[in-house]
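User: I'm new to this one and would like a close look at a single part of it. Here is what I have open.
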Amino acid sequence: MMATLQSRLIRGTSVPEDNTAKYLDEVKKGKPRRFVMICKGIKILSLIAYKKGTVETYKKLAKTNGNGQFFHGVIDGKGENISFKLARSDGYEKPPGKELTLKDHLKSEFGMKFRPEYKIVDELPDVPEDDDSASDENDAERVFDTSDYQAKLDSLASGIKAFATQFPDRRVEILKPTKAVKDFLSAPSEAMQAVAKQALTKIERLVGEATGKADVSHEAVSATDVVGRLKTLGAAIKKACVEKPVQKNELLGLVKIVKDFIAAPSQEGKLTAEEALDKISVLLAGTRSSGDGVANPDKKKWTAAAKKIAPMLKSALAEGQGDTGKMRAFFAFAREKAEAGDYQPALKTLAKLKKLIDEASVVQDSPRAQWESATKHASFQIRRLQTGLELFSKEMENAASKINPKYVAVVKHAFSSSIAISRKLDGVIEQLQQIPTTQAEIDAMTTYLESDTVKSAEGPNPFGQDVNIVESLRSAARVLKTEITSSV
């Protein structure tokens with residue numbers, strides 16, 4: 001998240017911000033933007049789009065979400081059809097992963113719908129740093145209706161306070177998106193509108209952690225897929241109401257449930273609407289497959305299996321366990337087959353989906369996953385400490401410049417020792433991202449956790465950013481060691 005503090009204090013530049021939603025919105029308008037990405041297996045850990053700056057700066061920012069294989073290139077295209085281009089000259093010979101996973105990541109993380117593709121090219125497109133068009137410059141002249149955003153932020157105000165009180169060490173997580181929404185309200189623009197939408201989704205999820213009342217899924221509640229399913233079934237519903245009048249009232253009752261959700265989307269309502277659509281599909285499939293009045297015997301198996309796997313899928317998606325894109329694709333395929341009355345492939349696909357969810361759950365609870373979780377949390381706390389130091393340094397520097405410009409150099413010199421510590425903490429983060437795989441490596445890591453360098457970050461500090469990382473890292477290391485010892 002941060003380049004070395006010393007160089008940035010000297011140049012007077014700020015910490016790079018993650019404005020990916022804004023830059024993705026600009027790509028929609030036909031403006032190419034650079035990107036960095038970190039993948040671990042088939043999962044995208046981090047994706048950041050940017051316009052200016054060095055690859056190394058944004059690589060460090062991306063790595064705060066975890067260590068993995070690094071990719072970088074240029075995004076271009078227009079509308080929903082965009083390409084993530086990587087250059088052969090940078091050593092890339094194949095795409096980072098599946099495009100379906102990328103599509104799912106863009107939707108779940110940024111609330112944006114794209115039809116993305118990966119391309120390996122000989123030369124990357126240029127990214128002009130002065131491509132702000134007249135339409136962008138006149139953006140401020142547009143009239144934006146911000147009332148819904150203001151009302152939503154007002155409704156979340158008490159939850160925001162509850163989160164900050166309940167999780168004081170994570171206040172920055174909710175304060176940053178709250179500021180993004182307020183920035184949009186004070187200076188509305190199309191680009192900031194996309195950022196504000198993403199920020200509200202994150203605020204809702206965090207508030208849900210504190211209150212247990214808000215939606216804690218990673219996606220905003222959308223009625224688009226429900227509307228699509230209802231339209232697909234529309235003609236069959238009308239036909240069934242005519243041919244099977246005994247089912248008419250039941251079908252129309254289920255349709256009303258779906259339409260009620262479409263009129264007022266909510267997470268609970270979406271689950272109810274999807275259940276209603278599943279029941280409609282079962283009724284229609286029974287009608288289609290029973291010319292003699294006898295329904296397909298597999299439909300009951302499908303209904304029971306789908307009902308059983310639905311909460312397991314919801315939990316896996318909410319926790320981000322495994323290949324969520326593949327899980328969604330499996331469930332969508334199974335549901336499509338069931339709606340067509342073809343239950344055998346639908347049931348087989350559900351069985352594959354359950355295996356995928358079970359495997360993801362095992363991986364999530366593995367000693368390796370526990371270590372990765374502990375190091376990720378430690379990296380977050382250290383980065384937050386570094387940010388606190390930098391912001392305090394800037395405040396002191398600005399205050400000194402207002403009193404007497406010559407004091408600025410004095411302030412910089414006074415903070416030189418703190419800057420040196422911050423640079424050492426960069427090394428701590430790099431060290432923790434290495435997963436020990438042998439007893440010797442675990443013993444060495446345990447010793448490293450007792451070093452003065454690591455302990456220098458532990459505990460309270462003058463910037464109000466308490467850091468507690470050593471004990472959770474020790475615990476994760478012990479679990480790793482136990483697994484290795486038992487396998488010998």
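Which ring does the charged end of Lys-28 sit over, and how far is that end from the ring's centre?

Analyst: Lys-28 has its charged end over the ring of Phe-114, 5.2 Å from the ring's centre. "Over" has a set meaning here: NZ of Lys or CZ of Arg is within 6 Å of the ring centre and within 35 degrees of the ring normal. Keep in mind that this is a predicted model, where local features need pLDDT of at least 70, side-chain atom pairs count only at pLDDT 80 or more, and totals for chains, interfaces and linings use all residues. Residues are numbered from 1 along each chain as its sequence is written, and side-chain values use heavy atoms, with hydrogens and water left out.

Lys-59 does something along those lines too: its charged end sits over the ring of Phe-70, 4.9 Å from the centre.

Now for rings with rings. The structure holds five aromatic pairs (rings of Phe, Tyr and Trp, the last by its six-membered ring, with centres within 6.5 Å; planes under 30 degrees apart are stacked, over 60 edge-to-face, the rest tilted). One of them is Tyr-50 with Tyr-58, a stacked pair at 4.1 Å centre to centre and 15° between the planes. Tyr-50 is buried, at 1% relative accessible area, and Tyr-58 is buried at 9% (buried is under 20%, exposed over 50%, partly exposed in between, using a 1.4 Å probe and protein chains only). Phe-35, Phe-84 and Tyr-118 make up one aromatic cluster.

Stepping back, the chain has 21 helices and five strands (DSSP runs numbered from the N terminus: H or I of at least four residues for helices, E of at least two for strands). Of its 488 residues, 43% count as buried.

Take helix 10 (residues 224-243) and helix 11 (residues 248-263): they pack at about 160°, axes 11 Å apart (axes are lines fitted to C-alpha atoms, over the stretch in contact for helices, with angles from 0 to 180 degrees between N-to-C directions). That makes helix 10 roughly antiparallel to helix 11 (over 145 degrees; under 35 is roughly parallel, 65 to 115 roughly perpendicular, the rest oblique). Where they meet, helix 10 brings residues including Val-226, Leu-230 and Ile-237, and helix 11 brings others, among them Leu-251, Val-255 and Phe-261 (contact means heavy atoms within 4.5 Å).

Helix 6 (residues 147-155) and helix 8 (residues 171-186) pack at about 145°, with axes 10 Å apart.
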